[in-house]
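Please read the numbered points with the sequence and the structure at hand.

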Amino acid sequence: MKAICLYFQVHQPFRYRRYRFFDIGNDHYYYDDYANETILRKVAEHCYLPANKLMLELIKKHKGKFKVAFSITGTALEQFELYAPEVLESFQELAKTGQVEFLAETYSHSLVALKSKELFKEQVDKHSDAMKHYFGQRPTVFRNTEMVYSDEIGAAVADMGFKAVLTEGAKHVLGWKSPNFLYCNAINPRLKVLMRNFKLSDDIAFRFSNQAWSEYPLTTEKFVRWISADKKDEIINLFMDYETFGEHQSEESGIFRFMEHLPDTVFNQSAFRFATPSEIADDFQPVSAVNVPNTISWADEERDLTAWLGNEMQQEAFNKVYELKDRMAKISDEALNKDWSYLQVSDHFYYMSTKFFSDGEVHNYFNPYESPYEAFINYMNVFSDFKLRLNTFVPESELEVKLAVLNKALLEKDEKLKKYELEIAHLHARKKTSKTATKRKTASTGAKSKK
């Protein structure tokens, strides 16, 4: 039987505040708490809560026939706990149905797969542990950050024990082949490869409310006709951001009504069923290996890495961060490790993109900076302070050893000065209290003598 694989990505980064040059070495807190909470609450109210409510209703209504998959980044999970615990609870309610699969990815939504197999595995293991902790599932299917994939990355994913991976059905990779079949990794055929049907996915994710689109308005009947057009197709992979519902496409556009009626139309007017990625991997046989010698992603028209690494600013920032990986391996400090994790979030490099043309609107979505240059400068200021802190734990050179010793001495002196300042303030307060008490006593004695 043919299958529709419906998958959603859930991600929110920790955004940096405006971190100035003069903050370096003086202030080690980098985050814009107001923006992070405001955006998370907004998306929760417009998307996560109503969309999860709808998914739960569809699962109950169709009694095991409707299924869906998610991957939720570690940074999103942390923000749910901080700002919207009810969102986390709503995902846990979905998990309890047994009809929802949670996939693995990199914990901090990073591009670490391009730099280090060891760090890549560490982040994936950490994320898998989080999925088990929050949702009771240890993932068997992997989805890399931004669907970044190559033959080598796929082989690394197979070595971690995953049975399948999700990626983009890029035209320049597939050629005449269709994304509507199951494939396998070219190096390790044990890894099944599910390839996104970007046309059908983007019809919902990007074109749904575009009144200039020739197919507007999109109805479930029309959409199901499209997916049923080729009788040879076996699977339709619809992969998109969860923020499609209520954010990218507003509630007024009818996107929730579309989703509400889609399963009924699929069951009544097609030969398709809904299946999770792991079920696709188990129930279908790969038609061939897919060769991806050069890395692909699901971003922009090019489906490559230029959204994050397309200019010199992005490349410099990216390379600088991972130059620290060997030194960070020696660090056990919790705060430093958390900041290191957040430095790797791919959004920071995305904000530095200079692709202003056909993909400019996408790049500006929730971008806190007025220009890519401002994004770069802000990031490098944060990085500079982070590196100073790292140097106090693991100095990079003999000069930095001396600087670390001096910095430690200065910090100790600062602590002593603060202690002395508190003691002096306390003594002043006691002296003032004593003087006030003496004056009151003198005044009282004088009043008695007059009597």
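1. The protein exposes about 22,200 Å², an accessible area computed by the Shrake-Rupley method with a 1.4 Å probe. Carbon and sulfur atoms supply 53% of this area. Buried residues (under 20% relative accessible area, with a 1.4 Å probe and protein chains only) make up 54% of the 451 residues.

2. The model is predicted: local features need pLDDT of at least 70 and side-chain atom pairs count only at pLDDT 80 or more, whereas totals for chains, interfaces and linings use all residues. Residues are numbered from 1 along each chain as its sequence is written, and side-chain values use heavy atoms, with hydrogens and water left out.

3. Along the principal axes, the C-alpha atoms fill a box of roughly 110 × 65 × 40 Å. The protein has 18 helices and ten strands, taken as DSSP runs (H or I of at least four residues for helices, E of at least two for strands) and numbered from the N terminus. Of the contacts (heavy atoms within 4.5 Å) with a separation of 6 or more, 77% are between residues 24 or more positions apart.

4. How are two packed helices described? The description consists of the angle between their axes and the distance between the axes. For helix α14 (residues 334–343) and helix α17 (residues 372–393), the angle is about 150° and the axes are 11 Å apart. The axes are lines fitted to C-alpha atoms over the stretch in contact, and angles run from 0 to 180 degrees between N-to-C directions. The two helices, α14 and α17, are therefore roughly antiparallel, a term for angles over 145 degrees. The crossing of α14 past α17 is left-handed, meaning that the near helix is turned anticlockwise from the far one by less than a right angle.

5. Which residues form this contact? From α14, Ala335, Leu336, Asp339, Trp340 and Leu343 meet Tyr379, Val382, Phe383, Phe386, Arg389, Leu390 and Phe393 of α17. The residues of this contact comprise ten nonpolar, no polar and two charged; Asp, Glu, Lys and Arg count as charged.

6. Ser332 is in the loop between α13 (325–328) and α14. With a relative accessibility of 72%, Ser332 counts as exposed, the class over 50%. Ser332 and Phe393 are 61 residues apart in sequence, and their C-alpha atoms are 9.6 Å apart in space.

7. Leaving aside residues up to four places away in sequence, Lys222 touches Glu215 and Pro217.

How values were computed
Parallel < 35°, antiparallel > 145°, perpendicular 65-115°, else oblique.
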